[in-house]
Amino acid sequence: MERGTILVVDDEPNISDLVELYLRRDGYRVVNVGLPDIDGLEVCKRVRQTSQIPVIFLTARDTEIDRVLGLELGADDYVTKPFSPAELVARVKAVLRRAEGGPAAEIVQVGGVTIDMGRREVRVRGEPAAFTTKEFDLLKFLAEQPGLALSRQQILDGVWGFDWFGDVRTVDVHIAQVRKKVDDAVQIDTVRGVGYRLDAN
């Protein structure tokens, strides 16, 4: 039985074929398309204007600034070439697990922010706000533990999962994005030497 459909956007046929082989082997339907006359960052930016589907970057750009930019534009994960196809499949599974999460008929109010867990929607002072899958999960995780100082590793484990491979600085990038979107409707404090804390007041 097919697990779902993965769209692979790449201008290197060899890479697309390899990714397709491993994803199909794991039960996914794969659709390959070439990159248009823009780069992957711009593609992600345009996708995020209308959709919150999970996005994973697979790229030769491996500098910190490229990773940060990709995550800021809304990517859920960032894999650099050369890469392990098996690891890529594991990351795809992890991202989809987090995106699909079980429905929860619960609404959490923190400050001027309303988080609808079941509909996976966020309202800031009553107005709908666009959150990526990861940004939503991060805000939800913090809101479920108001007033507690959480380390970056605790946040990684709780939001990205124990099977996530990556740098703890990913947390900092996503915290910055969430802060921008909630503005001052709720306070997310930096706890020096520890991590972050969502102000319960």
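Start with the largest pocket, which holds about 1000 Å³ of space. The model on screen is predicted.

Select Leu 7, Val 9, Val 55, Ile 56 and Phe 57: of the 32 residues that line the largest pocket, these are the closest to its centre. Next, colour strand 1 (5-9), helix 1 (13-25), helix 2 (40-48), strand 3 (56-59) and helix 4 (85-100), the elements that each give two or more residues to this lining. By residue type, the lining of the largest pocket has 23 nonpolar residues, three polar and six charged.

Now move to the second largest pocket, with a volume of about 300 Å³. Select Arg 67, Leu 71, Tyr 78, Asp 167 and Thr 170, which lie nearest its centre among the 17 lining residues. Helix 3 (64-72), strand 4 (77-80) and helix 7 (169-182) supply at least two lining residues each. The lining of the second largest pocket divides into seven nonpolar, seven charged and three polar residues.

Stay with helix 3. Which of its residues are buried? Select Asp 66, Gly 70 and Leu 71. Look down the axis of helix 3: these buried residues line one face of the helix, because they fall within an arc of 130 degrees. The general rule is that an α-helix has 3.6 residues a turn, so residues three or four places apart point the same way.

To see what covers the buried residues of helix 3, show helix 2, strand 3, strand 4 and helix 7, which are included in that cover.

Finish at Gly 74, which follows helix 3 and has a positive phi, near 115 degrees.

Conventions: Residues numbered from 1 in each chain as written. Predicted model: local features only at pLDDT ≥ 70, side-chain atom pairs only at ≥ 80, totals over all residues. Heavy atoms only, no water. 1 Å grid on protein atoms, 1.4 Å probe; cavity = no way out; pocket = protein on both sides within 12 Å on 5 of 7 lines; lining within 4 Å. Points joined across faces, edges and corners; volume = space filled by probe spheres on them. Helix = DSSP H or I, 4+ residues; strand = E, 2+ residues; numbered from the N terminus. Nonpolar A, V, L, I, M, F, W, Y, C, P; charged D, E, K, R; others polar. Buried < 20%, exposed > 50% of the residue type's maximum accessible area, 1.4 Å probe, protein only. Arc of directions from axis to C-beta. Contact = heavy atoms within 4.5 Å.
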